[in-house]
Each structure stands twice: as structure tokens, then as C-alpha cells.
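Please read them with the structure open.

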Amino acid sequence: SSLMTQINRSTRSKVFSEISKIVEKESLNLDQMIHDFVSYTIAETGADRGILLTVNPDLKFRYCLDRQGNNSATADNFNLSVPMQAICTRKSMLLTEAYNLDEEDFEVNNLKAHILRSIICVPLITPNEAIGALYLDSPTLFRTFRKHDLVLAELACSHMAIHMAGNDIP
């Protein structure tokens, strides 16, 4: 059975409704729309911080936010190997006990430096391409993500990708 079937219909409707509200409210202000989207996914999953990357030659960072919605986190403090893998494979990732990962697969020193316990990374996929990725993480003392959190992030990203692709967002 698919992970999507684990989320009931009312939860799916709520996620789609919330993303639609964000897009409609901020349709003329791309930066605010993406800020609100990252804030929403942080709140819904209980992440400590998150970043949205869009695909272009230098993987442009759109927003790096902490749990309080502050843009205080810098892109240098995020492990880019995880979203790169999600974008290249077009597959979502739920990593628990992230600090125990194989050094060949990820930039483990970066993960250990931030004492990350759990990571969710979801590519934003249109019918033709991956246009970016949402990366959420949580430190050891805060919480560990579950499959339910991954499915919520996937729902939000699938809906957001449709809006971003329709507006030719770089």
C-alpha cells in the first residue's frame, strides 16, 4: 500500500487547501509565497528548520528558515548532498538517525556538526522535471520524523510544484 493511503482524505484536503491559500494570497509575491510554504511545512511536520532549493546552475536557495520563521539559518549550514540526491533520483527521503549515515553517501561531517537525528527531503516534481527540493531537519533532542510527516511534506510539495511550474518559477 502506498504511503499516500496512510493519510486520510480530510488531511489531504486540508494540505491542498492550505497550499492553495498560500499561493492565492501571495500570487504576486514569489518570495513571500515560498517563505509561507516553507513555514507551513516546518509547522506541519514539526521540523526545526527547512530550506527550499530551486534547480538552476547553482541550486538557488529560496528560503532558509528556522522553526520560529526567522530567516536566520544560512544555506552553508545545510547538507546539500541530501537535496541533490532527492532531485537527481526524483525520490523523497526520510532519514532517521542521520548522524549514523555512510560517509560515502552523504556529507556526514555536516550532519554530525548539526547533530541531526532526522531529515525529510522531497523533490518538487512536475511532469517534465524536478524543479527543486524541500529539505527539513530536526536535531537529536527535538524529534524524529515519521512516515506520516514525509507524506504530509510530499502532499504539500506536489501541490506547490504544480503552482511553481505553472508560473515558470526559476
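**Notes on the predicted model**

1. Start with a strand pair. Isoleucine 51 has tyrosine 135, in strand S5, as its bridge partner. S1 and S5 pair in the antiparallel sense over 6 bridges. Two strands count as paired if DSSP finds at least two bridges between them. Helices (H or I, at least four residues) and strands (E, at least two) are DSSP runs, numbered from the N terminus.

2. A word on the basis. This is a predicted model, where local features need pLDDT of at least 70 and side-chain atom pairs count only at pLDDT 80 or more, while totals for chains, interfaces and linings use all residues. Residues are numbered from 1 along each chain as its sequence is written, and side-chain values use heavy atoms, with hydrogens and water left out.

3. Confidence comes next. The pLDDT (the predictor's confidence in each residue, from 0 to 100) averages 76 for the protein, and 65% of the residues score at least 70. Over residues 108-113 the pLDDT is below 50, yet this stretch has 17 contacts in the model beyond near neighbours in sequence. Contact means heavy atoms within 4.5 Å.

4. Overall layout. The protein has 5 helices and 5 strands. Along the sequence they follow the pattern α-α-β-β-α-β-α-β-β-α. Of the contacts with a separation of 6 or more, 62% are between residues 24 or more positions apart.

5. Burial. Of the 170 residues, 48% are buried. Buried means under 20% relative accessible area, exposed over 50%, and partly exposed in between (1.4 Å probe, protein chains only). S5 is mostly covered, with 9 of its 10 residues buried.

6. Which residues have the most contacts inside the largest nonpolar core? They are Ile19, Phe37, Leu52, Leu124, Leu134, Leu136 and Met160, in a core of 29 residues. Helix H1 (9-25), H2, strand S4 (116-125), S5 (130-139) and helix H5 (147-166) each give two or more residues to this core. H5 gives the most, with 10 residues. Apart from this core lies another, of 12 residues, among them Leu53, Ala86, Met93 and Leu95. A nonpolar core is a set of buried Ala, Val, Leu, Ile, Met, Phe, Trp, Tyr and Cys residues joined through side-chain atoms within 4.5 Å. In soluble globular proteins, nonpolar side chains tend to be buried together.

7. Phenylalanine 37 is in contact with Ile19, Ile22, Leu52, Leu134, Ala156, Cys157 and Met160, leaving aside neighbours within four places in sequence. Leucine 52 lies in strand S1 (residues 49-54). Leucine 52 counts as buried because its relative accessible area is 0%. Its C-alpha atom is 7.8 Å from that of isoleucine 34, 18 residues away along the chain.

8. Helix H2. Its 16 residues (30-45) should span 22 Å at 1.5 Å a residue, and the end C-alpha atoms are 23 Å apart, so the two agree. The expected span is 1.5 Å times one less than the number of residues. Buried residues in H2 include Met33, Asp36, Phe37 and Tyr40. Glycine 46 follows H2, with a positive phi near 75°.

9. Glutamate 44: buried, exposed or partly exposed? This residue of helix H2 counts as partly exposed because its relative accessibility is 30%. Glutamate 44 touches Lys14, Asp149 and Leu152, not counting residues up to four places away in sequence. The C-alpha atoms of glutamate 44 and leucine 152 are separated by 7.6 Å, though the two are 108 residues apart along the chain.
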